[in-house]
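I opened my notebook to go through this structure one piece at a time. The entries below are in the order in which I looked things up.

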There are 2 protein chains.
Amino acid sequence: MARAATTTDAFNAVAEPRRRQILDLLAAGERPVGELVTRLGLAQPQVSKHLKVLREVDLVHVRDEGRQRMYRLNAGPLKGIHDWLVKYEQSWNERFDLMDAVIEELKEAEERDGRDD
Amino acid sequence: MARAATTTDAFNAVAEPRRRQILDLLAAGERPVGELVTRLGLAQPQVSKHLKVLREVDLVHVRDEGRQRMYRLNAGPLKGIHDWLVKYEQSWNERFDLMDAVIEELKEAEERDGRDD
DNA sequence: ACGACACATTCCCTTATGGGTATATGATGA
DNA sequence: TCATCATATACCCATAAGGGAATGTGTCGT
């Protein structure tokens, strides 16, 4: 099996930096494709393809405005990522990391071996 | 060019469900590979490979314990994801989505064009 | 109806994925 | 030293990615 499709979920869709950039741009408000193309400095087809992925995971909504297509952010699906992340939040906000390090050093010193990779 | 490597950053590493599961298991504490294999119901080589990816993005630390290898969570790199997500948090927690929609409708009705920058 | 414009879709190509299976490495105990 | 346990690596395979370039589709102005 290959890697899961980028359209599988928000996790995969957002793993691509360009798509995060697009969402960042859309966070400021609705934008037509052309403007995204300009701001991203990417070719138009590429942007359209990224937008398609974002559409498929429902991270953006489209609206027809004459010959333009206005894309708008729909952050909802990002909540899933956030929900998963939340349980790890204390791990970096508080000093649990430090504590862990200390504990590990103690173990290593007491017990024997110090491989750390 | 192909998709960015899974080892590029936490975003890509965590896009894979199995790897999230591994982190979830490690969140409960240090674990040897064998136990992860059992709990995941995955073949051992696959687990080792996933762990390698997680190691490369520094999401886990290893410690040698006799012939076992104890893996431990290192949530630090997840902070980057969280930091990116934070700016979207209001979009789903509060009714900004709804507000946006209303504002947009107003704009459409009044002005016609929805540029926002 | 026609040409310009704004996007979307398609095809080609290189690259890496993730699972399966087999094998290598490293530590332990007899 | 040898067999065994615990992991890691190497290979093979099917799949899809993301960029480049060309083309299709729908809209607007004249």
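**Entry 1: what kind of model**

I am working with a predicted model. I kept that in mind throughout.

**Entry 2: the fold of chain A**

I began with the secondary structure. Chain A has 7 helices and 3 strands. I then read the elements in sequence order and got α-α-β-α-α-β-β-α-α-α.

Next I checked burial. Chain A has 117 residues, and 26% of them are buried. I also looked at contacts with a sequence separation of 6 or more. In chain A, 48% of these join residues 24 or more positions apart.

**Entry 3: α3 against α4 in chain A**

How do α3(A) and α4(A) pack, and at what angle? I took helix α3 as residues 33–40 and helix α4 as residues 44–56 of chain A. Their axes are 9 Å apart, at an angle of about 115 degrees. That makes α3(A) roughly perpendicular to α4(A), since the class runs from 65 to 115 degrees. The crossing of α3(A) past α4(A) is right-handed.

I listed the residues in this contact. From α3(A) come V33(A), L36(A), V37(A) and L40(A). From α4(A) come Q44(A), V47(A), S48(A) and L51(A). By class, the contact of α3(A) with α4(A) holds 6 nonpolar residues, 2 polar ones and no charged ones.

**Entry 4: α2 against α4, chain A**

I stayed with α4(A) and turned to its packing with α2(A). Their axes lie 10 Å apart, and the angle is about 75 degrees. So α2(A) is roughly perpendicular to α4(A).

Which residues meet here? On the α2(A) side I found R18(A), R19(A) and I22(A). On the α4(A) side I found H50(A), L51(A), V53(A) and L54(A). The contact of α2(A) with α4(A) has 4 nonpolar, 1 polar and 2 charged residues.

**Entry 5: the α2 and α4 pair in chain B**

Helix α2 (residues 17–27) and helix α4 (residues 44–56) of chain B have axes that come within 10 Å and cross at roughly 75 degrees. That makes α2(B) roughly perpendicular to α4(B).

R18(B), R19(B) and I22(B) of α2(B) meet H50(B), L51(B), V53(B) and L54(B) of α4(B). I counted the classes for the contact of α2(B) with α4(B) as 4 nonpolar, 1 polar and 2 charged.

**Entry 6: L54 in chain A**

I picked out L54(A), which sits in helix α4 of chain A. Is L54(A) buried or exposed? L54(A) is buried, because 27 other C-beta atoms lie within 10 Å and the cut-off for buried is 20 or more.

I set aside neighbours within four places in sequence. L54(A) is then in contact with A13(A), R19(A), I22(A), L59(A) and V60(A). I also checked L54(A) against T8(A). The two are 46 residues apart in sequence, and their C-alpha atoms are 11 Å apart in space.

**Entry 7: D58 in both chains**

D58(A) is in the loop between α4 and β2 (60–65) of chain A. D58(A) is not a glycine, yet its phi is positive, about 60 degrees. D58(B) lies in the loop between α4 and β2 of chain B. D58(B) also has a positive phi of about 60 degrees.

Why do the two copies carry separate burial labels? D58(A) has 12 other C-beta atoms within 10 Å and is exposed, since exposed means 12 or fewer. D58(B) has 13 such atoms and is therefore partly exposed.

**Entry 8: V62 in chain B**

V62(B) is part of strand β2 (residues 60–65) of chain B. With 17 C-beta neighbours inside 10 Å, V62(B) counts as partly exposed. V62(B) and L73(B) are 11 residues apart in sequence and 9.0 Å apart in space, C-alpha to C-alpha.

**Entry 9: where the chains meet**

How many residues does each chain bring to the contact? Chain A brings 32 residues and chain B brings 31. In chain A, α1 (10–13), α2 (17–27), α5 (78–86), α6 (89–93) and α7 (96–111) each supply at least two residues of the side that touches chain B. α5(A) gives the most, with 6 residues. I sorted the side of chain A that touches chain B into 14 nonpolar, 5 polar and 13 charged residues.

**Entry 10: symmetry**

I superposed chain A on chain B. A rotation of 180 degrees does this, with 0.0 Å of shift along its axis and an RMSD of 0.0 Å. The two copies are thus related as by a two-fold rotation axis. Of the interface residues of chain A, 75% are also interface residues in chain B, so the copies meet through the same surface.

Methods
Residues numbered from 1 in each chain as written. Chains lettered and ligands numbered in written order. Predicted model: local features only at pLDDT ≥ 70, side-chain atom pairs only at ≥ 80, totals over all residues. Axes fitted to C-alpha atoms, helices over the stretch in contact; angles between N-to-C directions. Helix = DSSP H or I, 4+ residues; strand = E, 2+ residues; numbered from the N terminus. Parallel < 35°, antiparallel > 145°, perpendicular 65-115°, else oblique. Left-handed = near helix turned anticlockwise from the far one by under 90°. Contact = placed C-beta atoms within 7 Å. Nonpolar A, V, L, I, M, F, W, Y, C, P; charged D, E, K, R; others polar. Least-squares fit on C-alpha atoms with pLDDT ≥ 70 in both.
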